[in-house]
Amino acid sequence: MKTNLKILFIVGLLLSVGVFPRLDAVEKKVETVAVNTIKIETKKVVIADSVKKVNSGTEADQDADSDDPKLNKKSLEDVATSMGNIWTKVSNWWKKQKMAIAILFGGLLVTLLVVAIVDVLFVKIFIEHVTSKTETEVDDMIGVAVRPPLKLFVFSIGFLCSSIPILKNLEDAYFEVFIRVIAALAATSVAVGCYRLVAPLNHVLTKIAERTDNTIDDLIVALLRKAIKITLVVVSVLFIGQSILGLNITALVAGAGICGLAIAFAAKDAISNVFGSITIILDRPFQVGDRIQVSGITGVVERVGFRSTRIRTLDGCLVTTPNNIMATSAIENFNARPYIKFAFGLGLTYDTPPEKMEQAIAILHEIFDNHKGMSEDLPPRINFTAFNDFSLNIAVIVWYHPGDYMEACGWMTERNLEILKRFNAEGLEFAFPTSTTYLAGDSSRMLEVAVKNN
């Protein structure tokens, strides 16, 4: 009995130590997992709360620190220390560079003095002595154009020489940038001088154009002036930007080319007008003051521009025609004709005898042969040409030289009056539209005939 009890005790002890602890461990593990899960979720909430508390605590600490006089005093001490360090660096730089700074300011003063001397010498020698002895205005315009850029060029060279001692102490990158900027300033002064010299050149070309009778030359001068100015600006920008400043102008030019294509498509009509004006300049079908007819418009040309041509009609209206139409349309220039042709017919009555017809032709030859403005290559043409419905027709063709329309009209008026007087004196009657009607016999309507006694 006692032995059995001992065995039962040992088994229970083993179970309590071995088996049951495992079961408890499993249950504990499950509980632990559940508890840990709860703890993790709770921990998240707690962490968020803690962060919030930390943040709020930080703001509170900041507010507290801002009110803390010790911290404010420390901040002021830090600012004072930084300012002191900056002042020390500036002082050390001044001690090292004071000679170079003195040379810079002294050189600037000398440069300004040299600029003033060069300006005075330029005025005294070139303007007062050279230009005053000539009658032309070109040298005066050259002096006015060159004077400002010359002073800018001298100043840029003096500024470069004065700043070299202080620039040597800079880093290579800064030194190169400063040198490029000064070189660009000098190149800009040269470019500005060339741009301003376009005005004297335009004055010379305008004087030459005024000596010719063709007024299209004025348009050529204006076109050359604008082309030269645009070329100078483009070349100067490309040279200074790429060769001196080292900018990547190639990409800019490529982008400008693409933009130029887009603009060309959008402004094709304007570009066609410009090419039309160039065509007018090269062909010269007319000039300002000529009376022309184009696209049904007749009038006097008042102005030829790069986009359009202005025509004053005989009614007084001003018509603006695009140059692309002027370049592609047929143009009749009345001022360019060497003569004016008059073609007309004279009709005599059917009761005119042949002798009278010969007399009429002889009178016309007397009036028009060897007339004023007659060319030997184009003598008058006078012929008995047709038996019309109500007249015997004499055709007259006369050419009058030169091609002045108003003068030719005045001459023709005198000839018509002379024809009228000579024909009336010779009893030659002009025919006018008439008709003869024959009525058939009608018993209800008797035909009455009367005889006129002379």
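**Entry 1**

Where is the place of Pro 402? I found Pro 402 in the loop between E8 and H11. Before going on, I reminded myself that this is a predicted model. I then checked the peptide bond from His 401 to Pro 402, and it is cis, with omega near -5°.

**Entry 2**

E8 made me look at its sheet. I saw an open sheet of three strands in the order E6-E8-E7, with antiparallel pairing. Strand E6 (340–348) and strand E7 (381–387) are the edge strands, and each pairs on one side only. Neighbouring strands here are turned by 20° against each other on average, direction ignored.

How many bridges join E7 to strand E8? I noted six, with E8 covering residues 392–400. As an example pair, I wrote down Phe 384, whose bridge partner in E8 is Ile 394.

Helix H10 (residues 354–368) does, touching E6, E7 and E8, and its direction makes about 10° with that of E8. Helix H11 (residues 405–425) packs on the sheet too, touching E6 and E8, and its direction makes about 20° with that of E6.

While I was around H10, I stopped at Asn 370, in the loop between H10 and E7. Asn 370 has a positive phi of about 55° although it is not a glycine.

**Entry 3: the five-stranded sheet**

What is the strand order in the open sheet of five strands? I read it as E4-E3-E2-E1-E5, with antiparallel pairing. Strand E4 (318–322) and strand E5 (331–333) stand at the edges with a single partner strand each, so one side of each has no neighbour in the sheet. Neighbouring strands of this sheet are turned by 40° against each other on average, direction ignored.

Then I went through the pairs. Strand E1 (residues 291–294) and E2 pair in the antiparallel sense over four bridges. Arg 291 has Val 300 in E2 as its bridge partner. E1 and E2 form a hairpin with two residues between them.

Strand E2 (residues 297–304) pairs with strand E3 (residues 308–313) over five bridges, in the antiparallel sense. Those two also form a hairpin, with three residues between them. I liked one spot here, where Arg 303 stands opposite Arg 310 in E3.

**Entry 4: helices side by side**

I moved on to the helices. Two packed helices are described by the angle between their axes and the distance between the axes.

Helix H3 (residues 138–167) and H4 pack at an angle of about 170°, with their axes 8 Å apart. That angle makes H3 roughly antiparallel to H4. I listed part of the contact: from H3 there are, among others, Val 144, Leu 152, Phe 153 and Phe 159, and from H4 the residues include Phe 175, Phe 178, Ile 182 and Leu 185. How do the residues of this contact divide by class? I got 17 nonpolar, four polar and one charged.

Cys 194, Tyr 195 and Arg 196 of H4 make the contact with Val 198, Ala 199 and Pro 200 of H5. By class, I noted five nonpolar, no polar and one charged residues there.

**Entry 5: a hole inside**

Last, I asked how many cavities of 30 Å³ or more a search of the whole structure finds. It finds one, and about 30 Å³ of space lies in the largest cavity. Its lining is made by Val 198, Leu 201, Asn 202, Leu 205, Val 221, Leu 224, Arg 225 and Ile 228. H5 and helix H6 (216–244) are the elements that give two or more residues to this lining. By class, the lining divides into six nonpolar, one polar and one charged.

Technical notes. Residues numbered from 1 in each chain as written. Predicted model: local features only at pLDDT ≥ 70, side-chain atom pairs only at ≥ 80, totals over all residues. Heavy atoms only, no water. Pairing = 2+ DSSP bridges. Axes fitted to C-alpha atoms, helices over the stretch in contact; angles between N-to-C directions. Contact = heavy atoms within 4.5 Å. Nonpolar A, V, L, I, M, F, W, Y, C, P; charged D, E, K, R; others polar. 1 Å grid on protein atoms, 1.4 Å probe; cavity = no way out; pocket = protein on both sides within 12 Å on 5 of 7 lines; lining within 4 Å. Points joined across faces, edges and corners; volume = space filled by probe spheres on them. Parallel < 35°, antiparallel > 145°, perpendicular 65-115°, else oblique.
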